[in-house]
Structure formats: C-alpha cells, structure tokens
Amino acid sequence: MALQDKTLVCRDCGEEFVFTAGEQGFYLEKGLLNDPQRCPACRASRRRERADSQRQMTTVVCAACGAQTSVPFVPRLDRPVYCNACFEKVRSGAAEDQGIVEDQGTAEDQGIVEDQGTAEDQGTVE
Ligand SMILES: [Zn+2]
Ligand SMILES: [Zn+2]
C-alpha cells in the first residue's frame with residue numbers, strides 16, 4: 001500500500017497543510033493512528049510553549065557584575081553565568097574564545113537545556 005500526500009486543515013489556524021507520505025510513514029512507524037491536527041508551524045509553537053512552561057529557571061549571580069539573575073538551565077560550576085546585560089557585552093566582546101558564548105546563547109533553544117542539567121550528575125544539586 002503506497003502512501004500518498006494528504007492535505008489536512010490545521011485546527012489551530014485553519015490553514016491547509018500537507019501531511020506527506022514520508023510523515024505518514026513516520027507516524028505509522030511510531031504507531032500513531034491519528035492524522036496530525038495542526039500544521040507544522042502550530043505544532044512547533046505549541047512545542048515551544050510547552051518547553052517554556054517546563055523550563056526551570058535557576059537563580060544565579062552574574063559572574064561579571066554580581067547581580068542576581070535567572071537562567072533557563074542549571075549552570076555548571078565551572079562556567080560563569082551572566083545577567084542579560086553582561087551577557088550582551090560578553091557576547092559582543094572578549095569572552096568569545098572561551099567558548100562561553102555559544103553555550104549560553106543556545107541554551108535558549110530547547111536542545112541544550114537538557115545538556116546543561118548535568119549539575120545533577122555532579123551531585124551539586126541539594
Ligand atoms: Zn496551523
Ligand atoms: Zn551582570
């Protein structure tokens with residue numbers, strides 16, 4: 001039985017979107033029997049909202065100015081964390097070669113948040 005692209009209507013925005021044969025195959029593989037209810041854009045934004053609501057903020061002290069700030073990940077002890085203002089400065093300047101910038105910048109994306117949770121493994125969480 002060959003799968004064919006299907007056109008579905010998103011229940012959130014009402015736009016038509018294509019449920020491709022490839023995606024259908026993926027759904028079958030995963031044992032998902034229902035067609036997706038939302039277009040990829042709405043699915044992505046719902047995922048983001050969920051991730052945001054699950055995101056645990058950690059209160060830290062800025063390594064540069066000493067102000068309290070919160071970051072959406074558990075910082076590692078071997079790595080400085082900055083408040084937003086200082087982070088902006090750091091990003092535009094000197095700290096680039098220390099590899100700090102990439103890490104903190106991409107923590108905004110969901111992927112890294114898990115990675116940064118390793119403080120638990122290190123026994124630094126009470
Ligand atoms: Zn939509
Ligand atoms: Zn600061």
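Student: In which helix does Gly-25 lie?
Tutor: This is a predicted model, in which local features need pLDDT of at least 70, side-chain atom pairs count only at pLDDT 80 or more, and totals for chains, interfaces and linings use all residues. Residues are numbered from 1 along each chain as its sequence is written, while chains are lettered from A and ligands numbered from 1 in the order in which they are written. Helices (H or I, at least four residues) and strands (E, at least two) are DSSP runs numbered from the N terminus. On that basis, Gly-25 belongs to helix α1.

Student: Why does Gly-25 count as exposed?
Tutor: A residue is buried if 20 or more other C-beta atoms lie within 10 Å of its own, exposed if 12 or fewer, and partly exposed in between, with C-beta atoms placed from the backbone. Gly-25 is exposed because the number of its C-beta neighbours inside 10 Å is 11.

Student: How many buried residues are there in helix α1?
Tutor: Helix α1 covers residues 21–29 and is hardly covered. Among its nine residues, the count of buried ones is zero.

Student: Which residue just after α1 takes a positive phi?
Tutor: The residue in question follows directly on helix α1. A positive phi of about 75 degrees is taken there by Gly-31.

Student: What distance separates the C-alpha atoms of Gly-25 and Leu-3?
Tutor: Along the chain, Gly-25 and Leu-3 are 22 residues apart. Between their C-alpha atoms, the separation is 7.4 Å.

Student: What is the order of the elements from the N terminus on?
Tutor: The protein chain has five helices and four strands. Read from the N terminus, the elements run β-β-α-α-β-β-α-α-α.

Student: How many bridges pair strand β1 with strand β2?
Tutor: Two strands pair if DSSP finds at least two bridges between them. Strand β1 (residues 6–9) and strand β2 (residues 16–19) are antiparallel. Lys-6 stands opposite Phe-19, and Leu-8 has Phe-17 as its bridge partner. The number of bridges over which β1 and β2 pair is four.

Student: Which residue in the hairpin of β1 and β2 takes a positive phi?
Tutor: This hairpin has six residues between the strands. A positive phi near 75 degrees is taken by Gly-14.

Student: Which residues does Glu-15 touch, not counting residues up to four places away in sequence?
Tutor: Glu-15 sits in the loop between β1 and β2, and is exposed, with 12 other C-beta atoms within 10 Å. Two residues are in contact if their C-beta atoms, placed from the backbone, lie within 7 Å. Glu-15 and Cys-39 are 24 residues apart in sequence, with 7.4 Å between their C-alpha atoms. The residues that Glu-15 touches are Cys-10 and Cys-39.

Student: Is Pro-40 exposed or partly exposed?
Tutor: Pro-40 is found in helix α2. From Pro-40 to Phe-17, 23 residues away in sequence, the C-alpha distance is 7.9 Å. Because Pro-40 has 13 C-beta neighbours inside 10 Å, Pro-40 counts as partly exposed.

Student: What does helix α2 reach from its first C-alpha to its last?
Tutor: Helix α2 (residues 40–54) has 15 residues, of which the buried count is zero. The expected span of a helix is 1.5 Å times one less than its number of residues. Close to the expected 21 Å, the reach of α2 is 21 Å.

Student: Which residue in the hairpin of β3 and β4 takes a positive phi?
Tutor: Strand β3 (residues 58–61) and strand β4 (residues 68–71) run antiparallel and are joined by four bridges. Val-60 stands opposite Thr-69 in β4. In this hairpin, with six residues between the strands, a positive phi near 80 degrees belongs to Gly-66.

Student: What separates the C-alpha atoms of Gly-66 and Cys-83?
Tutor: Gly-66 is found in the loop between β3 and β4, and is exposed, with 9 other C-beta atoms within 10 Å. Gly-66 and Cys-83 are 17 residues apart along the chain, and their C-alpha atoms are separated by 8.6 Å.

Student: Over which residues does pLDDT stay under 50?
Tutor: pLDDT is the predictor's confidence in each residue, from 0 to 100. The protein chain averages 78, and 73% of the residues score at least 70. The stretch with pLDDT under 50, for which the model has 30 contacts beyond four places in sequence, is residues 98–120.
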